[in-house]
Protein chains: 2
Amino acid sequence: MNDAATTGYMLEDLAPGMSVSSSRTITEADIVMFAGVSGDDNPIHLDHDYASSTMFGERIAHGMLGASYISALLGTRLPGPGCIYVSQNLTFKAPVHIGDTLKTIVSVREVNEERKRVVMDTRCVVGEQIVLEGEAVMAVKRKKN
Amino acid sequence: MNDAATTGYMLEDLAPGMSVSSSRTITEADIVMFAGVSGDDNPIHLDHDYASSTMFGERIAHGMLGASYISALLGTRLPGPGCIYVSQNLTFKAPVHIGDTLKTIVSVREVNEERKRVVMDTRCVVGEQIVLEGEAVMAVKRKKN
């Protein structure tokens, strides 16, 4: 007995090619807050002087920050509430710097009606550059049975 | 020219079986903060009434919260600062509830000196129950060349 705001897609309503995205400019605050929540205070994320001495040249965002935006799209929009996160593969392809505008995209690749599983392509891009990619498997309920 | 606080293990100092862990009791605040940072406001994480009506019976933590603790151990302790996150696979095996004490463990499985890569076993447990497991690949610098 859930209302619309708490109900995501049912299995029968999902089809390959369906896609949603979000976009945000990564700020110092996003990185500081992720460090606080995760406990990951690696200086590459928090220490300008240290980060300047590395191959990255500046502080970079936590890779898992992008992963958390993927998780947010899956959990709130496609498939949305009611689905269960089964697995996620992540390949970190390039760093994300403060000021980069990160676009996160999740798309239905495959719907397995028998197993009630949906395979999603998941990625984050900055401009044309893929910075994070992988796939997620979600368990999604059927309307019937 | 990094001091000890900002230097992790070098490749030659890593060996299969090395392991570190962290442990924390998951609070409502952890979930609320992760929702804020990620934007994942799925009601299964935030809405007691909704969550009570689901198979989980109560609000559960975001799966990516456990993943963020894995990332923290990798980035700050083993291998620690200086390593680069190449990839992470995650399988979500069981829900984590408020009040559960989550132990996160990362262990060196394989060191590939030629490719400068380390494969890590990564998992989160509540008591004896594995709630999240997977593997990470890290790029780690050599002392020489």
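**How two chains meet in a predicted model**

Me: Why are α1(A) and α4(B) roughly perpendicular to each other?

Reply: This is a predicted model, and two of its helices cross between the chains: α1 (residues 28-38) of chain A and α4 (residues 63-76) of chain B. Their axes (lines fitted to C-alpha atoms over the stretch in contact, with angles from 0 to 180 degrees between N-to-C directions) come within 9 Å. Angles of 65 to 115 degrees count as roughly perpendicular, under 35 as roughly parallel, over 145 as roughly antiparallel and the rest as oblique. The pair α1(A) and α4(B) is therefore roughly perpendicular, as the axes cross at roughly 95°.

Me: Which residues of α4(B) make the contact with α1(A)?

Reply: Contact means heavy atoms within 4.5 Å. From α1(A) come A:F34, A:V37 and A:S38. Facing these, α4(B) brings in B:L65, B:S68, B:Y69 and B:A72.

Me: How much area do chain A and chain B bury between them?

Reply: The contact takes 36 residues from each of chain A and chain B. Buried area is the accessible area (1.4 Å probe) lost on putting the two parts together, summed over both. Carbon and sulfur atoms carry 63% of the area here, and the total is about 3000 Å².

Me: What percentage of the area that chain A buries against chain B do A:V37, A:M64 and A:F92 supply?

Reply: A:V37, from helix α1, also touches α4(B). Together with A:M64 and A:F92, A:V37 supplies more than any other three residues. Their share is 20%.

Me: In what order do the elements of chain A run?

Reply: Chain A has four helices and five strands. Both are DSSP runs numbered from the N terminus (helices H or I, at least four residues; strands E, at least two). From the N terminus on, the order is β-α-α-α-α-β-β-β-β.

Residues are numbered from 1 along each chain as written, with chains lettered from A and ligands numbered from 1 in the order written. Local features need pLDDT of at least 70 and side-chain atom pairs 80 or more, while totals for chains, interfaces and linings use all residues; side-chain values use heavy atoms, without hydrogens and water.
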